[in-house]
Amino acid sequence: MDFGRPIGTVVPSLDGAVLQVLAGADRGLSGRQVHGLAGVGSVAGVRLVLQRLTSTGLVHVAEAGNSLLYTLNRKHLAAQAVELLSGLRTAFVTGLRAELATWTLPPVHAGLYGAAARGDGDLDSDVEVLLIRPHEVAADNDQWEQQAADLLRTVVDMTGNAAQFYELDLTELAVHVTGNEPVVDQWCDESVTVYGADLTTVLSRLHTTRELLYTTSR
């Protein structure tokens with residue numbers, strides 16, 4: 001899946017980029033504005049696409065002074081498909097949440113990071129998932145391993161992208177934090193929580209627990 005422009009997974013042409021912009025807009029946009037937001041093609045090329053889409057009725061055009069403003073005609077029969085394709089990234093997160101909700105051994109936290117979280121990946125980008133196990137679940141727990149393997153297959157089946165899981169328990173997370181591992185900052189900056197507590201909350205609880213243990217041991 002093209003996480004930067006989800007509709008491009010099915011419509012890789014300039015038409016897809018234009019429709020992606022219009023699907024996400026809540027007001028009319030000029031051809032130049034559409035071009036700027038699409039980030040591909042030329043202004044002339046974008047205007048040609050807009051003219052063609054207008055001729056199909058999928059796009060409406062209105063005069064505003066010296067400008068022409070374009071909007072997606074959301075009553076068009078094809079508009080629902082356009083909106084569905086443009087929202088694939090959201091649908092992907094929803095699908096992952098639904099599967100994680102069925103886990104017998106739920107994670108403390110599951111989140112996306114990297115290109116899938118930032119929304120700037122392409123068809124060649126890996127889907128990176130952070131999974132944090134509870135203390136009581138061992139890494140080689142059969143049920144946990146089966147759940148993780150099933151989720152990995154789901155990610156690949158839903159997106160077509162390769163997947164990478166970064167799995168650790170709370171103790172290992174504490175080691176990463178104490179060691180100032182750069183990946184922790186990346187997780188905090190980019191993480192899109194899919195299941196469980198958000199990462200900031202997990203780290204805060206971890207810090208509080210360590211303080212209590214230290215105070216008790218003195």
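Q: Why is G4 called partly exposed?
A: G4 has a relative accessible area of 42%. Buried means under 20%, exposed over 50%, and partly exposed lies in between (1.4 Å probe, protein chains only). The value falls in between, so G4 is partly exposed.

This is a predicted model, where local features need pLDDT of at least 70, side-chain atom pairs count only at pLDDT 80 or more, and totals for chains, interfaces and linings use all residues. Residues are numbered from 1 along each chain as its sequence is written, and side-chain values use heavy atoms, without hydrogens and water.

Q: Where is G4 found, and what does G4 touch?
A: G4 sits in the segment before α1. Leaving out residues up to four places away in sequence, G4 touches G119, D120 and G121. Contact means heavy atoms within 4.5 Å.

Q: What makes a set of residues a nonpolar core?
A: Its members are buried Ala, Val, Leu, Ile, Met, Phe, Trp, Tyr and Cys residues, joined through side-chain atoms within 4.5 Å. The largest such core here has 22 residues, and V18, L22 and V34 touch the most other members. At least two residues each come from α1 (14-23), α2 (31-38), α3 (43-56), β2 (67-72) and α4 (79-86). Helices (H or I, at least four residues) and strands (E, at least two) are DSSP runs, numbered from the N terminus. α1 gives the largest share, six residues.

Q: Which residues does L22 touch?
A: Beyond residues up to four places away in sequence, L22 touches V34, L50, V59, Y70, L72 and R74.
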